[in-house]
Amino acid sequence: PEHISHRRLPTRHRFYADLSQCLFDFVIELLPTGEEMAVKENVRKLLERLIRTIEPESRLLSFGSTANGFSLRNSDMDLCCLIDSEERLSATDLVTMLGDLLERETKFHVKPLPHARIPIVKLSLDPSPGLPLGIACDIGFENRLALENTRLLMCYAMIDPTRVRTLVLFLKVWSKRRKINSPYKGTLSSYGYVLLVIYFLVHVKNPPVLPNLQQMPPLRPITKEDTHLAGYNTWFFDDIELLRTRWHSENTESVAELLIDFFRYYARDFSYNTGVASIRAGLLKKSTKGWQNDLSSGRYNDSRERNRLCIEDPFELDFNVGRCVTKDGIYTIRGEFMRASRILANRPERAVVALAELCM
Ligand code: ATP
Ligand code: MG
């Protein structure tokens, strides 16, 4: 009846406003302090100086959350070493040599992985009074695509910092607390969750919250040399200042409404069995990418296990960022989306209680 819908409308809006405020407050508490960022920058400089004793022409750059604006307190550091000279050591040799050097010269715990698919040196520092949570850091080599995808995510964050960063940071905390953020255990990496958020904001929301930076017309003619890296097209519209004057989202939904809709979409609507989420091209089909997970495609292979959840990397188009997600993993993740959706759909009296329950 009429009077009920009237009564419900303002309550609903009040709930959205409360929940949005709670989300901002929640996320702000979890941002790294200025001190933590300064310590990390100093660690980067120190490591760069040491690496240059092996490879004088090298630079050590930050990527991942420390560089894309999606970093939480105590998140690990992802570092990438670029070597500008023509003749250089192989990544395997560099990892071994750097491992030895760091073991000798620093207080870090050092674990070189020279024979991993992507050779890296893993470092960690025990907690100390100045660094109560210690530091964890991975150093990789020549991973230029990762630097570019970091820059792409950073640009998306800059277009609408309030909504995009709040959503992403909240989902990172939520996925960690709900234990569905470990590719090693069959669930999804932070990078995967960020791509799911961007996909949702660019391609699912109508009107979209974000433009598609990889499909915008370039300002000047571009050549293949400018845009390709290791055979992949890494071009995207990165003049964010200009974009801010030219592009304006018609979507005025609050962070709370977007979050609720995000959970509902991935609980119910995303086509896990046949769909591929691509921030570059929208919803694609597993069959057109050769990423089916059924048995009909000839002999048994483990691609069946690998392609339960399909998220196309923005540049490495043949790479499924969700490839680590197992059958159990996708069941658990989807169950969590449903649980979150259910908690928020009830519109509990107090938003702060709902958030606590969500992350419990
Ligand atoms: P956290 O704060 O949880 O460490 P993060 O934003 O650093 O989150 P990670 O999942 O640690 O995210 O990934 C760091 C970076 O490594 C990403 O920004 C991306 O450049 C690269 N990366 C991680 N996983 C993949 C992947 N499966 N495919 C391609 N690149 C990846
Ligand atoms: Mg990281």
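Asp76 reaches ligand 1 with its side chain: an N or O atom there is 2.8 Å from an oxygen atom of the ligand, and a polar contact is a pair of N or O atoms within 3.5 Å; within protein, one must be able to donate a hydrogen and the other to accept it, and residues adjacent in sequence count only if both atoms are side-chain atoms. This is a predicted model, where local features need pLDDT of at least 70, side-chain atom pairs count only at pLDDT 80 or more, and totals for chains, interfaces and linings use all residues. Residues are numbered from 1 along each chain as its sequence is written, chains are lettered from A and ligands numbered from 1 in the order in which they are written, and side-chain values use heavy atoms, with hydrogens and water left out.

**Around ligand 1**

- Domain 1 spans 34-146, and domain 2 is made of 160-210 + 249-359, with bounds from an automatic or database domain assignment.
- Seven residues from domain 1 and 11 residues from domain 2 take part in the contact, meaning heavy atoms within 4.5 Å.

**Where the domains meet**

- About 740 Å² is buried between domain 1 and domain 2, and carbon and sulfur atoms give 72% of that area (the accessible area, 1.4 Å probe, that two parts lose on being put together, summed over both).
- On the domain 1 side, Phe70, Leu72 and Leu145 lose the most area to domain 2, together 73% of what that side buries.
- Between the domains there are two residue pairs in polar contact, both at pLDDT 80 or more.
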